Amino acid sequence: MSILLTGGTGKTSLRIARLLSSAKIPYILASRSNTAPSAFTDAQTCRFDWNDSSTWASPWSVASDIKAVWLVAPSFVEPIKVLKPFVEMAREKGCQ
């Protein structure tokens, strides 16, 4: 079981990544840069951009067993317009 962390290079997601790593729980850092800080040697990464819906499925090409998602909402006026379709897709792919 893997956990997807959106906002993968942000403060909160990196703190969660440290905890997951310590607990030996696989995780994926999803970010526009598709990179992880050098301290995160066990991190899987993927390109993810709320402004580009073609990237939303990319985490599942890295790990097909994603069961949970940490959502960092985009700073849009109405973030629900992108969050809702993404959450629906994630549920279809097996996230709880």
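**View 1. Asp-49 and the residues it touches.** Leaving aside residues up to four places away in sequence, Asp-49 touches Arg-32, Thr-55 and Trp-56; contact here means heavy atoms within 4.5 Å. The structure shown is a predicted model, in which local features need pLDDT of at least 70, side-chain atom pairs count only at pLDDT 80 or more, and totals for chains, interfaces and linings use all residues. Residues are numbered from 1 along each chain as its sequence is written, and side-chain values use heavy atoms, with hydrogens and water left out. To find Asp-49, look in the loop between strand S3 (44-47) and helix H2 (58-62). Helices (H or I, at least four residues) and strands (E, at least two) are DSSP runs, numbered from the N terminus. Is Asp-49 buried or exposed? Asp-49 counts as buried because its relative accessibility is 11%. Buried means under 20% relative accessible area, exposed means over 50%, and partly exposed lies in between (1.4 Å probe, protein chains only).

View 2. A disulfide is a covalent bond between the sulfur atoms of two cysteines. For the search, a disulfide is a pair of cysteine sulfur atoms within 2.5 Å. How many disulfides does a search of the whole structure find? The search finds zero. Starting from Cys-95 instead, the closest cysteine sulfur is that of Cys-46. Cys-46 is buried, at 3% relative accessibility, and Cys-95 is buried too, with a relative accessible area of 10%.

**View 3. Lys-24 and Asn-34, two residues with a positive phi.** Most residues other than glycine have a negative phi. Lys-24 is not a glycine, yet its phi is positive, at about 60°. You will find Lys-24 in the loop between helix H1 (11-22) and strand S2 (27-31), where it is exposed, with a relative accessible area of 72%. Asn-34, also not a glycine, has a positive phi of about 60°. Asn-34 sits in the loop between S2 and S3 and is partly exposed, at 35% relative accessible area.

**View 4. Ala-23 and its separation from Gln-96.** Ala-23 belongs to the loop between H1 and S2. With a relative accessible area of 46%, Ala-23 is partly exposed. How are the C-alpha atoms of Ala-23 and Gln-96 placed, and what separates them? These residues are 73 residues apart along the chain, and their C-alpha atoms are separated by 20 Å.
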